[in-house]
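Reader: I am new to this structure. Please show me how to read it, feature by feature.

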Amino acid sequence: MNEPALHRIRLTLHYDGRAFHGWQVQPEQRTVQGELERVVAKLTNRPAQVVGSGRTDSGVHATGQVAATDVPERWTAHALRRAMNALLPDDVWVADAVLAPPFFHPRYDATSRSYVYRIGLAQHADSPFHAPWCWPLLRPVDLGGMEHAAEMIVGDHSFKAFAKAGQEERGDRCTVTEARWAPWEGLGLEFHVSANRFLHHMVRYLVGTMVDVGLGERPAGDMADLLDGAPGLETSPPAPPEGLFLAAVTYPSDAGTTPPPKRPRLRLME
């Protein structure tokens with residue numbers, strides 16, 4: 001029997017990370033990728049693979065994760081989105097689905113990723129309607145010191161000091177294009193950060209260190225010294241995962257339209 005022709009669908013995903021053991025499929029663990037692949041396999045009656053733009057850790061949320069999957073051409077993007085949302089659990093939602101070019105790769109074609117981290121400073125941030133999706137610090141901070149520390153992050157730096165684990169094959173340098181603090185709905189602060197790539201736990205280590213600056217527990221200048229690899233200096237403990245959101249992934253307009261020169265075409269279903 002002939003196999004059906006396939007086409008690639010690009011998905012934009014929202015999920016509440018609290019009940020997941022991260023994005024990536026793991027044996028005997030509930031993961032976002034696992035739930036998505038289970039649902040796509042059920043709908044298409046064939047093994048499914050859903051590839052994301054990157055991994056999020058246990059407890060981390062997303063409002064802009066991008067993924068792709070190959071499905072039989074009878075499935076339009078609109079129909080697939082509706083069907084997936086009907087079968088997915090309440091803590092995962094397909095916000096958008098579009099037909100993608102044949103060579104589109106959610107990870108390798110991305111030019112930047114953006115995260116938002118929320119810190120609760122007002123007492124209302126400890127409400128059960130807010131606390132699960134922020135760090136309910138509930139203490140005053142020196143915003144000026146935190147803003148000064150954030151300014152030092154922008155640019156091309158080694159973020160080795162702010163990573164839980166290295167990536168030897170890719171190095172530890174990242175180019176940060178935005179790093180700023182902004183108000184969060186009268187409840188506290190949001191840290192907005194965008195870069196071409198992020199290391200493991202990098203945003204959480206950055207936030208944890210800047211919060212200690214805001215609490216007066218370390219000088220803002222430590223940020224520059226850590227980026228410079230000052231000996232004997234360590235970051236503060238990482239901020240809790242509950243406050244972190246993958247907010248957006250950016251791609252060039254022609255992503256996936258031509259075969260990549262240095263890597264094989266992503267084959268999601270074989």
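Author: Start with His201. This residue is buried, because its relative accessible area is 13%. Buried means under 20% relative accessible area, exposed means over 50%, and partly exposed lies in between, with a 1.4 Å probe and protein chains only. His201 sits in the loop between strand 9 and helix 4. Its phi is near 70 degrees, a positive value in a residue other than glycine.

Reader: What kind of model is this, and how are residues numbered?

Author: This is a predicted model: local features need pLDDT of at least 70, side-chain atom pairs count only at pLDDT 80 or more, and totals for chains, interfaces and linings use all residues. Residues are numbered from 1 along each chain as its sequence is written, and side-chain values use heavy atoms, leaving out hydrogens and water.

Reader: How many helices and strands does the chain have?

Author: Helices (H or I, at least four residues) and strands (E, at least two) are DSSP runs, numbered from the N terminus. Here the chain has five helices and 10 strands.

Reader: Which loop holds Glu185, and is Glu185 buried or exposed?

Author: Glu185 lies in the loop between strand 8 (173-184) and strand 9. It counts as exposed, because its relative accessibility is 63%. Glu185 also has a positive phi, about 45 degrees, although it is not a glycine.

Reader: Where does Glu190 lie, and what does Glu190 touch?

Author: Glu190 is in strand 9 (residues 188-195). With a relative accessible area of 11%, Glu190 is buried. Contact means heavy atoms within 4.5 Å. Leaving out residues up to four places away in sequence, Glu190 touches several residues, among them Arg118, Arg180 and Trp184. Leu244 is 54 residues from Glu190 along the chain, and their C-alpha atoms are separated by 9.7 Å.

Reader: How many residues are in the largest nonpolar core?

Author: A nonpolar core is a set of buried Ala, Val, Leu, Ile, Met, Phe, Trp, Tyr and Cys residues joined through side-chain atoms within 4.5 Å. The largest one has 73 residues, and those with the most contacts inside it are Met84, Phe159, Phe191 and Val207. Helix 4 (residues 202-214) gives the most to this core, with eight residues. Take Phe191: beyond residues up to four places away in sequence, it touches partners including Tyr115, Ile153, Val207 and Met210.

Reader: Which helix holds Ala79?

Author: Helix 2 (residues 77-87) holds Ala79. At 30% relative accessibility, Ala79 counts as partly exposed. Ala97 is 18 residues from Ala79 in sequence and 9.1 Å away in space, C-alpha to C-alpha.

Reader: What radius of gyration does the chain have?

Author: The radius of gyration is taken over C-alpha atoms, and the globule rule is 2.2 Å times the number of residues to the power 0.38. With 270 residues, a compact globule would have a radius near 18 Å; the chain has 20 Å, which agrees. Along its principal axes, the C-alpha trace spans about 70 × 45 × 35 Å. Of the 270 residues, 52% count as buried.
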